[in-house]
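Below is a briefing on a single protein chain, arranged by topic for a reader who wants the cut-offs stated beside the values. Please look over the sequence and the structure first.

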Amino acid sequence: MGAPFSSGVAAERSVLSSGMYKLEIELKRGNNLAVRDRGGTSDPYVKFKLAGKEVFRSKTIHKNLNPVWEEKTTLVLDCLSEPLYVKVFDYDFGLQDDFMGSAHLYLESLEQQRMIPVTLVLKDPHHPDQDLGSLELAVTLTPKDSPLEERRDSTTMLLRRSWKRSTKQQSLRLSELHRKSQLWRGIVSIALIEGRNLIPMDPNGLSDPYVKFRLGPQKYRSKTVPKTLSPQWKEQFDLHLYEETGGVLEIAVWDKDTGRRDDFIGRCQLDLSTLTKEQTHHLELQLEESRGYVVLLVTLTASAHVSIADLSVTPLDDPQERREILKRYGVWRSFSNLKDVGIVQVKVMRAEGLMAADVTGKSDPFCVLELNNDRLQTHTVYKNLNPEWNKAFTFNLKDIHSVLEVTVFDEDRDWSADFLGKVVIPLLYVRNGEQKSYVLKNKELTGPTKGHIYLEFDVIYNTVKAALRSVVAAEQKYIEEEPKVSKQLLQQNFNRVKRCIMVLFSYGTYINSCFEWESAQRSIVSFVLFVLVVWNFELYMLPLGLLLLLVWNYFFCSSRETADMTMEAMFEWEEDEDDKEDKESEHKGFMDKLYAIQDVFISVQTALDEVASYGERIKNTVNWTVPFLSCLAITALCSATLLLYLIPLRYLVLAWGVNKFTKKLRDPYMIDNNELLDFLSRVPSDVQVMQYRELKIDPGQSPNKRRRTNPS
């Protein structure tokens, strides 16, 4: 400890030369921990931190001051100078967790290659004389000289200093460590049906309730149902199961209040290990600390295809496994497990010419892949602007209209990761087995940033299941940025709505010109068509007319290319000075005093976006922007035409009415949806078309030139 600095450097070098260390920790129990809850107990859990980063978090033991954890974890270290920081907290769902004490474990003082019992006395740095109890651990520190020690389980974490992150061997070791910890073992499907007999939180004797769910690090928030004590949510969502036992689902009900902090109504918990898998459970959970119930439908299912592999062992490259997958998603299995539409394999090869994010002129890039709410990531390649990952990621496909988001970040040891570039790829746009270079875009996906990434896709899906899923409510992303007030975005949405209205106005002007006989030839033809159609009109001609419009545009419409040019010119967005003024005004507290006005502003802004989006989606369906959906529309219109031609209208209306009246009787917990709106939600709007468009690589700069310009 008292050695000079030079000897410390020499010692550290000797540590590195002799290899790394494995630290095995067994968290046994706590004794006489601090009281933090009103009932005279606590809900303690323990965090281990090393070099400022959390490396382990224990489970929560509820209502116990002498908890028994009996949990083990293994850490791989390359330096013993950093002490292990141990902190204990009292868990409060929905609120800030309470601090219960902390202690340090100095690794340099540990005897190696044998298990050592350790008792850590917990202290509060602000109140050092306060008795906060103790923790009992058993630790074993061993040098990692044997090649057998390279085998790690999913809880192993590799910790290294930022200045020791330059070798490919370290990067590959990190890849193996994080691979298993990312993969989920199953899916819990939750349908939030309703709440019953909730307590009133507002002066009017009612509440505006919404529900928060948490399963490990995953969170979901329901919509708010205003002015009711018996809300009907009827929302369905999926969460991932990372533990074999299932874990504990935490549920909290809140009352929404505009302009002030939301009121807490009640909470409850569900131990998923008590539920039978592959079976739907109808549950009525009573809220703790208040009256009321929450009604759920919960189903636990196994996850078939989720993996991270090297390119040499990819699942779809094995002929036998590929045949089994093709058989699984063949036509003969079109009506079994309708949620399992297909499988997606993404090969992340490499990136070239990335932006330098560090002061050294390099970056530490890693790649994150997101498919709806499924998220996997590569390992980090340190100090490199042309990284090679060479990994294959496999996802379950629940919706063929899903969009894969590939984002490249720069890892920063002490701060959040820096954005380097992003690309979004609709799965219907990809070609199987084709390795392709994608130009990285900025965060808004409106223009290029530095670098491009090489990807290869393989998508296998059942067409019948994909078509049936197209008229079911799309899965919503749980983690999305909160909408912000933006004059620029409001103006943009207003212009989009104006464009749709102007199109309708131009059609009306054209029809009126026929009435005004501005062109005699056109007016005569229009008059003859009008008489023939009205005289012979039948209801089946409505879908037939839309069908003919789709077919006409497929063969004769050349407006898709010109429309792309106009959209590209229209969506050239820049950072506006008005947005900067809005941000400054927020810091001055002006917007904090006008919550109601801000909510109205955001509502108008969002409503304009929705109106414009649906108008653009109808246009893009007719224009064959997504051929799969246009073909699906043709199939539906053909069916509607045939039904209306063969079956009298009164019978169809009667069947529709009987179905609507008996739907609630047949399935009381059915979540209603609008098939037409769900179908249109799959069609990209003009904004999304621009975001999904691939940027062309500048032919004037070859990859060889980029390598010489940006040496790795």
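A salt bridge is taken here as a side-chain nitrogen of Lys or Arg within 4 Å of a carboxyl oxygen of Asp or Glu, and by this rule the count comes to 22 salt bridges. The model is predicted, so that local features need pLDDT of at least 70 and side-chain atom pairs count only at pLDDT 80 or more, whereas totals for chains, interfaces and linings use all residues. Residues are numbered from 1 along each chain as its sequence is written, and side-chain values use heavy atoms, with hydrogens and water left out.

**Overall make-up**

- The protein has 15 helices and 26 strands, where helices (H or I, at least four residues) and strands (E, at least two) are DSSP runs numbered from the N terminus.
- Of its 712 residues, 45% count as buried; buried means under 20% relative accessible area, exposed means over 50%, and partly exposed lies in between (1.4 Å probe, protein chains only).
- Among contacts (heavy atoms within 4.5 Å) between residues at least 6 apart in sequence, 68% join residues at least 24 apart.

**Salt bridges**

- The side chains of Arg 196 and Glu 194 meet in a salt bridge with an N to O distance of 2.9 Å; Arg 196 is partly exposed at 28% relative accessibility, whereas Glu 194 is buried, with a relative accessible area of 12%.
- Asp 310 and Lys 391 are joined through their side chains by a salt bridge of 2.4 Å, N to O. Because Asp 310 lies in strand 18 (residues 307-310) and Lys 391 in strand 22 (residues 388-397), the pair ties together parts that are 81 residues apart in sequence.
- Within that pair, Asp 310 counts as partly exposed with a relative accessible area of 38%, while Lys 391 counts as buried at 8% relative accessibility.
- Arg 682 and Asp 399 form a further salt bridge between their side chains, at 2.8 Å from N to O. Arg 682 belongs to helix 13 (residues 675-682) and Asp 399 to the loop between strand 22 and strand 23 (403-410), so this pair ties together parts that are 283 residues apart in sequence.
- Both Arg 682 and Asp 399 are buried.
- A network of salt bridges links Arg 499, Glu 616, Lys 619 and Asp 686.

**Backbone angles**

- Most residues other than glycine have a negative phi, and most peptide bonds are trans.
- Asn 197, although not a glycine, has a positive phi of about 55°; Asn 197 is found in the loop between strand 10 (186-196) and strand 11 (209-215) and is partly exposed, with a relative accessible area of 42%.
- Lys 234 is not a glycine either and has a positive phi of about 50°, but Lys 234 is found within strand 13 (residues 232-241).

- Val 344 is placed in strand 19 (residues 342-352) and is buried, with a relative accessible area of 1%.
- Not counting residues up to four places away in sequence, Val 344 touches Leu 371, Phe 393, Thr 394, Phe 395, Leu 397, Leu 427, Asp 458 and Val 459.
- The C-alpha atoms of Val 344 and Phe 457 are separated by 7.3 Å, although these residues are 113 residues apart along the chain.
- Val 121 lies in strand 7 (residues 115-121), and its C-alpha atom is separated by 6.6 Å from that of Leu 135, 14 residues apart along the chain.
- With residues up to four places away in sequence again left out, Val 121 touches Ser 102, Ala 103, Gly 133 and Ser 134.

**Surface patches**

- Patches are made of residues with over 30% relative accessible area and no salt bridge, with like charges joined within 9 Å and nonpolar side chains (Val, Leu, Ile, Met, Phe, Trp, Tyr) within 5 Å.
- For charges, Lys and Arg count as positive and Asp and Glu as negative, while His and the chain ends are not counted; the place of a charge is taken as NZ of Lys, CZ of Arg, CG of Asp or CD of Glu.
- Lys 212, Lys 219, Arg 221 and Lys 256 form a positive surface patch; of these, Lys 219 is found in strand 12 (residues 218-221) and counts as exposed at 53% relative accessibility.
- A nonpolar surface patch of about 810 Å² is made by Trp 517, Ile 524, Phe 527, Val 528, Phe 530, Val 531, Leu 532 and Val 534, and Leu 532 has its place in helix 6 (residues 520-536).

Notes:
Accessible areas come from the Shrake-Rupley method with a 1.4 Å probe; for residues, only the protein chains shown count as cover.
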